[in-house]
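Biologist: I'd like to learn how to read a protein model. Could you show me the sequence and structure, and then take me through some features?

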Amino acid sequence: MHQNFHRKSLLLAAVVVPALLAGCAAGGSTSAMGVASPPTETTSPMPPENEMSPLPTGSEMSPGPSESAEQGSPKAAVLAYFEALKAGDADKAVAAYSPEGLAAIQGMKTAEGTDELTKVYKEMLKEKDTATHKIEEAAATGDWAFVRASSEKDGQMMREFFILKKTGNEWKIDRYMNNDSS
């Protein structure tokens, strides 16, 4: 268990931190939400880019006919999470996470594990979610994937980053972070 946590921590550090730094350095430009510098074999636990499987990206939140074949994909898992938010269903939003999932939502205390996530989402969903969501990028390798998305609500743009892991035949959100892109 400790080694698994250590691997997840390295994955999170290798993927999320450079992506957020690159986005911040670009002044919120979503086109710059890439890795700050090319990873080297000695510093990145992720496989080379040619071993990553890019997943098709879409526009708005609701899956369309072309996405129905993606059932069980990381992208479909994130779209289901967004649908739970739209429906105001905190339990369904939390069910999109792995049991040890972590959410670092701007303006809220970091929540880890089902109990803390439930408290955060019940509080957060007291207001109706009127945001529009867009999947910007998605890729998977083995039992791990990431999805980068953006949301807009009342003129405020948010960047969202998900790390997902495959549990059985399902993709679950393992780590989620968002921040204001302005």
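Predicted model: local features only at pLDDT ≥ 70, side-chain atom pairs only at ≥ 80, totals over all residues.

Biologist: Which residues of helix H4 are buried?

Modeller: Buried means under 20% relative accessible area, exposed over 50%, and partly exposed in between, using a 1.4 Å probe and protein chains only. Helices (H or I, at least four residues) and strands (E, at least two) are DSSP runs, numbered from the N terminus. In H4, residues 114-124, the buried ones are Leu-117, Thr-118, Val-120 and Tyr-121. They pack against several elements, including helix H2 (74-87) and strand E2 (97-104).

Biologist: How many residues of E2 are buried, and which strands does E2 pair with?

Modeller: Two strands pair if DSSP finds at least two bridges between them. E2 has 6 of its 8 residues buried. It runs parallel to E7, joined by 4 bridges, and Ala-104 has Met-177 of E7 as its bridge partner. With E3, E2 pairs in the antiparallel sense over 2 bridges, and there Leu-102 stands opposite Glu-112. The hairpin of E2 and E3 has 6 residues between the strands, and in it Gly-107 takes a positive phi near 85 degrees.

Biologist: What about ring pairs? How many aromatic pairs does a search of the whole structure find?

Modeller: Rings of Phe, Tyr and Trp (its six-membered ring) pair if their centres lie within 6.5 Å; planes under 30 degrees apart count as stacked, over 60 as edge-to-face and the rest as tilted. Here the search of the whole structure gives 9 pairs. Take Tyr-81 and Tyr-97: they are edge-to-face, 6.1 Å centre to centre with 85 degrees between the planes. Tyr-81 lies in helix H2 and Tyr-97 in strand E2, so this pair ties together parts that are 16 residues apart in sequence. Tyr-81 counts as buried, at 1% relative accessibility, and so does Tyr-97, at 4%.

A stacked pair is formed by Phe-146 and Phe-161, 5.6 Å centre to centre and 15 degrees between the planes. This one links strand E5 (residues 144-153) to strand E6 (residues 156-167), with the two residues 15 apart.

Biologist: Which residues form one aromatic cluster?

Modeller: The members are Tyr-81, Phe-82, Tyr-97, Tyr-121, Phe-162 and Tyr-176.

Biologist: Now the lysine: is Lys-172 buried or exposed?

Modeller: Lys-172, which lies in strand E7, is buried, with a relative accessible area of 17%. Contact means heavy atoms within 4.5 Å. Leaving aside neighbours within four places in sequence, Lys-172 is in contact with residues including Ala-95, Tyr-97 and Ile-163. Ala-95 is 77 residues away along the chain, yet the two C-alpha atoms are separated by 8.3 Å. The Lys-172 side chain reaches the backbone oxygen of Ala-95 at 2.6 Å.

Biologist: And how do I read phi in a loop?

Modeller: Most residues other than glycine have a negative phi. In this model, Asp-154 has a positive phi, near 50 degrees, although it isn't a glycine. Asp-154 lies in the loop between E5 and E6, and it is exposed, with a relative accessible area of 71%.

Key
Residues numbered from 1 in each chain as written. Heavy atoms only, no water. Polar contact = N/O pair within 3.5 Å; in protein donor to acceptor, adjacent residues only side chain to side chain.
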